[in-house]
Amino acid sequence: MKKVIVILGQTATGKSALAIKLAKKINGEIISADSRQVYKGLDIGTGKVTKKEMKGIPHHLIDVANPKRKFTVAEYKELAENKIEEIISKGKTPIICGGTGFYIDAITKGVIFPEVPPNQKLRKILNKKSTFQLFKILEKLDKRRAKNIDPQNKVRLIRAIEIAKVLGRVPKITAVSPLYKFIKIGLYLPSDKLKNKVEKRVKKMFQDGLLKEIKKLKQTRLSKNRLSELGFEYNDPTYEKVVSGTLQYAKRQMQWFKRDKKIQWFDASKKRAIVITESR
RNA sequence: GCGUCGAUGGUAGAGUGGUCAAAUACGACACGCUGUAAACGUGUUGCCUUCGGGCUUCGGGGGUUCGAAUCCCUCUCGACGCA
């Protein structure tokens, strides 16, 4: 089975740099796993690596979507899987690198999503209903799903109904055994060091023109709603807000990752991490 | 110096005699996650508890009252106004 390296972890732990270094060493190409870096125009705020930093290593799934449109996990999964194949067929090693746990799981856990594309019209209608009403609707359509869904989570309820309307019910979650051997490497930092790194990074974001980038995005007819959906940095950015928001995000990331027992964790503040991963 | 208003839990901010350990929001902590995932949702958030309850809180002190975060007096601090 072909090997695919996965580098994940909290934001600002140096995943990108490690991925590039590794790619150089083992003849790899990088597939980003970041739900916001897929969008064009969100560069500084999402911490995209610059062309220069890439050092000639091909990076995939960055800038593949228009921010006006919502990109989804399922799309990501398909694109990423194609890329993996493509890279392997060139005789190179794919390196998935990013901090969006859901995206990473979508690929590495072989989860199959029901093939029901989002139906914006239906969503709009359903969105006007209360969670209680939505729950009743779902219960009628699919008792099984209603039983284990969070009855207060509107987003989930709507999606479940959306699926059930097309397929008759929400299919039981299925996972096929993965086609590749995924080697998951997690980077973490002790909280004081993480805070430090985040502060540094945010400072740099402002220096690099974060505010200008936001202004530009606003001019491209992106709605306020859409902007805040894309992340707090693009909403009302003060230095303090961005820092605390980023730290909150880092916490949520860890919350997700820590459930995956197959991740091998390394303290990013210790150089040894790189040595070990390279020797694998 | 005089006058007015204000001082509430980590923060903002409701409450203005009992139903107040004190709304709500944010933060913090914990948790979940079937095509928005930096999204979305849930729980806890004074202390102790044998989970029945018990104890100490609303700037400090004193008082009125069966009963005070709420009323009165006084002190401290802050905002504004008049000098």
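1. A residue counts as near a molecule or strand if its C-beta atom, placed from the backbone, lies within 6 Å of it. By that criterion, 46 residues surround RNA strand B. The closest are S35, A74, F102, F113 and V155.

2. A word on the model and its labels. This is a predicted model, in which local features need pLDDT of at least 70, side-chain atom pairs count only at pLDDT 80 or more, and totals for chains, interfaces and linings use all residues. Residues are numbered from 1 along each chain as its sequence is written, while chains are lettered from A and ligands numbered from 1 in the order in which they are written.

3. The surface near RNA strand B draws on several helices. Helices (H or I, at least four residues) and strands (E, at least two) are DSSP runs, numbered from the N terminus. α3, α4, α8 (154-167) and α12 (239-257) each supply at least two residues of this surface. The largest share, eight residues, comes from α12.

4. By class, the surface near RNA strand B has 17 nonpolar, 15 polar and 14 charged residues. Here Ala, Val, Leu, Ile, Met, Phe, Trp, Tyr, Cys and Pro count as nonpolar; Asp, Glu, Lys and Arg are charged; the others, Gly among them, are polar.

5. Now the sheet. It is open, with six strands in the order β3-β2-β4-β1-β7-β8 and parallel pairing. Two strands pair if DSSP finds at least two bridges between them. At the edges are β3 (59-60) and β8 (264-267), each pairing on one side only. β1 (residues 3-9) and β4 (residues 93-98) pair in the parallel sense over four bridges. I7 stands opposite C97 in β4.

6. Helix α4 (residues 101-108) packs on the sheet and touches β1, β4 and β7 (181-188). Contact between residues requires C-beta atoms, placed from the backbone, within 7 Å. The direction of α4 makes about 150 degrees with that of β4. Axes are lines fitted to C-alpha atoms, for helices over the stretch in contact, and angles run from 0 to 180 degrees between N-to-C directions.

7. Helix α3 (residues 73-89) packs against α4 at about 50 degrees, with the axes 9 Å apart. The two helices are therefore oblique to each other. Angles under 35 degrees count as roughly parallel, over 145 as roughly antiparallel, 65 to 115 as roughly perpendicular and the rest as oblique. α3 passes α4 in a right-handed crossing. A crossing is left-handed if the near helix is turned anticlockwise from the far one by less than a right angle, and right-handed if clockwise.

8. Which residues make the contact of α3 with α4? V73, Y76, K77, A80 and E81 come from α3, and F102, Y103, A106 and I107 from α4. They divide into seven nonpolar, no polar and two charged.

9. α12 also meets α9 (residues 191-207). Their axes come within 9 Å and cross at roughly 135 degrees, which makes α9 oblique to α12. This crossing is right-handed. L194, K195, V198, E199, V202 and F206 in α9 meet Y239, V242, V243, T246, L247 and A250 in α12. The contact has nine nonpolar, one polar and two charged residues.

10. Finally, α6 (residues 131-141) and α8. Their axes come within 10 Å and cross at roughly 30 degrees, so α6 is roughly parallel to α8. The crossing of α6 and α8 is left-handed.

How values were computed
Contact = placed C-beta atoms within 7 Å.
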